[in-house]
Amino acid sequence: MPAPSTTKPARPDFRFSPRVDQVGIEERAKRIQTRSIKNESKAQGLKMVLSMMDLTTLEGQDTPGKVRQLCHKALHVHDELPGLPTVAAVCVYPSMVAVARAALGESEINVASVATAFPSGQSALEIKLADTKMAVDAGADEIDMVISRGKMLSGEYDYVFDEIAAIKEVCGKARLKVILETGELDTYDTVRRASDIAMHAGADFIKTSTGKIQPAATLPVTLVMLQAIRDFHRATGRMVGMKPAGGISTSKLALHYLMLVKETLGEDWLDKHGFRFGASSLANDVLMQLMKQQTGFYQSADYFSIS
Amino acid sequence: MAISSKTTWDLAPAPESSDHVDIKKTYGLFINGKFVPSVSGKTFTSINPANEQALSSVAEAGSEDVDKAVKAARNAYNKHWRKMPAAERAKYIFRIARVIQERAREFAVIESMDGGKPIRESRDVDVPLAANHFFYYAGWADKLSYAFPNRNPSPLGVAGQIIPWNFPLLMAAWKIAPALATGNTVVLKPAETTPLTALKLAEVIQEAGLPEGVVNIITGAGATGAALVNHPDINKIAFTGSTDVGKLIQRAVSGSDKKITLELGGKAANIIFEDAAIDQAVEGIINGIYFNQGHVCCAGSRLFVQESVYDEVLEKVKYRIESLIVGDPLDKNTDIGAINSKEQLQRVKHYLELGTKEGALLHQSSCKLPKKGYWCKPSLFENVSPSHAIAREEIFGPVLAVQTFRTVQEVITKANNTPYGLSAGVWTDKGAKIFNLSSRMRAGVVWANTFNQFDPVSPFGGYKESGYGREGGLHGLSSYLNLK
């Protein structure tokens, strides 16, 4: 596993982040969806999707009971089908980190926690730092923070940068995923700029969405972020991961995301350190497809346990 | 640590089925509504360039056959088509469009088998656009007096049409649709390497119930084309193909009253400014030159990159070339198919050698090529200057000549320094720069922040040695009409 970043490179002027052509990026994303992923490549791809999944519950009504159920599902995604990889992580609110940590025990599944006044991020830095610290202290391996979209849109890029850098410091060994909430950033240009800010400020992953705002992840917005990751890697040599979240509920779409990664960044990014899916309903669709590949039949949803 | 899932992830074959496709062992000439053998009995074989297997044996039309076809067209013009109310004509053209849509899959598969182009393109570009051309011109048929107010538009008579092998069905549609809409009858000759979709179109024309002789399709090579051009009872010649043949045709019709439109070669400039959205420009470069294996008259074959972004652009282009899948045209994942013919492959190889000999630096994809068939890796040349032959002559293959520039004025001069003038592309985030460039490019089409976009509504045609006359849109009607 590549170590979390520790160095702080000089800060570029983010007003000059590369521009994105809307028509062009959407055409390219559409072309990816004409890729036909079949047979062995489908099976291999679906297993990859499972291994990159952050099983997520982020509800006001979450309870320790609900989180334990989710963790059990993470440990036993579908025992009827041997040889499946485990999911990458479970993603919960800070108050549920300790519960998840205990439920996952010694397994290699990470606990990810949202933090920084998720989902709106409308709070003071001290609160956000405390929120993050609480999650880290409770045993979170990964922190999913949100950026201050209001500040981003009003051009206060230094504020956004400093905030991310400060959170990164509190994270310690925990890996930092920075949620841009692209559905609130209005243009691909702003998404690109926010991606650059997040990576330069120390993000280990950049992530599209909280799942609370529509539109959440889309292929074109993910492509913009993947291209930002590629340019950042080209400039600094550091690999930053990507996590689209929200709105990816079918296997077919998930496979097209992987194809987008393969053709944009290459196969070095095709594992859980380079790419994650934030999703709650995707897992069972993937399992259904995998069972279909093995048995030749589609089973009904009742044969796959809910989380 | 977890067992890494990191491994190569390759696409399994995803071939489009060709079981549903009916290609006859032999095809006759489509004259006066029927398939008939040639008078001489001569035939030629159409092969699949991806595996060199014979697909069908096709009749070769001689001058007697051409004469029969022109007579059938003249007869149909005098007896039916010129007298028919325009709204009725439109119904037939609409019907052709609908049948093409209904049989789209079949057309796409045959186009890919006969010509070598990837099924993704024949399915998503060639066939839908061909249907759209018929739909579009069907709509004009009864509105010609609105299109040309107070000009009393009337048809010319019999149109002789000769089309190339790069977009066989689409070019047939570009030619036939406006001719029929304006009340002319047609004798069309497809290219000798790709006659099959035109002959399938003949079946569609039968199915649509057009009066016999309104559309005649005769197959053969250059001699057949020459007989058509020289036939005294032709009123109009429409040709798409090479500049050399275009010049021959122009000489042949001089001194006659035949009207003529020529859509010929190109060597388009694709210009990348430093303020462009680079990743999308890279995609446009790829699309501009490798679309249809570069067998595109308006291909962006001369790339001009501003020096300040040269390294980044070239690195990204080379990276993207690696992700292009070269192989079986019928595989749905194929990006680049087979070179159309052995002859064309030799031409492309000639330029690959010539470019290297001239001192340019060749870069090719590391992909593996199939053993049988005609194939060329996606290629580009760096260190090219305006005096290199690879920067001046049309290669008509997947070969990009890359040059650099520093200033706007410099690139305008360089881009216009060519005998051709069919198309150009400009990539910049600045609107003012787009308007400046597009008004100063001597090219029939200038694409801004995109490339190779086609629409029946938009006229298409060249400057200089790229030909004259416009096809598509309102302009495409006027070359098939007498206007007073």
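First, the ground rules. Residues are numbered from 1 along each chain as its sequence is written, while chains are lettered from A and ligands numbered from 1 in the order in which they are written. Since the model is predicted, local features need pLDDT of at least 70 and side-chain atom pairs count only at pLDDT 80 or more, whereas totals for chains, interfaces and linings use all residues.

I will start with chain B. It has 16 helices and 20 strands; these are DSSP runs numbered from the N terminus, helices being H or I of at least four residues and strands E of at least two. Its radius of gyration is 23 Å, close to the 23 Å that the globule rule gives for 484 residues, so chain B is as compact as a globular protein of that length. That radius is taken over C-alpha atoms, and the rule is 2.2 Å times the number of residues to the power 0.38. Along the principal axes, the C-alpha trace of chain B spans about 75 × 50 × 45 Å. Of the 484 residues, 56% count as buried. Buried means 20 or more other C-beta atoms within 10 Å of the residue's own, exposed means 12 or fewer, and partly exposed is in between, with C-beta atoms placed from the backbone.

Chain B is divided into domain 1, 26–264 + 464–482, and domain 2, 269–448; the bounds come from an automatic or database domain assignment. The centres of the two domains, taken over C-alpha atoms, are 30 Å apart. How many residues of domain 1 of chain B are in contact with domain 2 of chain B? There are 20, and they meet 25 residues of domain 2. Contact means that the C-beta atoms, placed from the backbone, lie within 7 Å. On the domain 1 side, α3 (104–115) and α4 (119–140) of chain B each supply at least two residues.

Now the interface between chains. Here 24 residues of chain B are in contact with 29 residues of chain A. Helix α10 (residues 278–290) of chain B gives the largest share of the chain B side, five residues. By class, that side has eight nonpolar, nine polar and seven charged residues. Ala, Val, Leu, Ile, Met, Phe, Trp, Tyr, Cys and Pro count as nonpolar, Asp, Glu, Lys and Arg as charged, and the others, Gly among them, as polar.

The largest nonpolar core has 162 residues, of which V49(A), M53(A), V90(A), A100(A) and A198(A) touch the most other members. Such a core is a set of buried Ala, Val, Leu, Ile, Met, Phe, Trp, Tyr and Cys residues joined through C-beta atoms within 7 Å. Helix α9 (residues 219–236) of chain A gives the most to this core, nine residues. Another core of 88 residues lies apart from it, including Y77(B) and L330(B).

Last, helix α4 (residues 97–104) of chain A. Its buried residues are V97(A), V99(A), A100(A), A103(A) and L104(A). They lie on the same side of α4(A), because they cover an arc of only 160° around the axis, the arc being that of the directions from the helix axis to the C-beta atoms. They pack against α3 (64–75), β2 (89–92), β3 (110–114) and α5 (125–137) of chain A. After α4(A) comes G105(A), with a positive phi near 55°.

Conventions:
Two residues are in contact if their C-beta atoms, placed from the backbone, lie within 7 Å.
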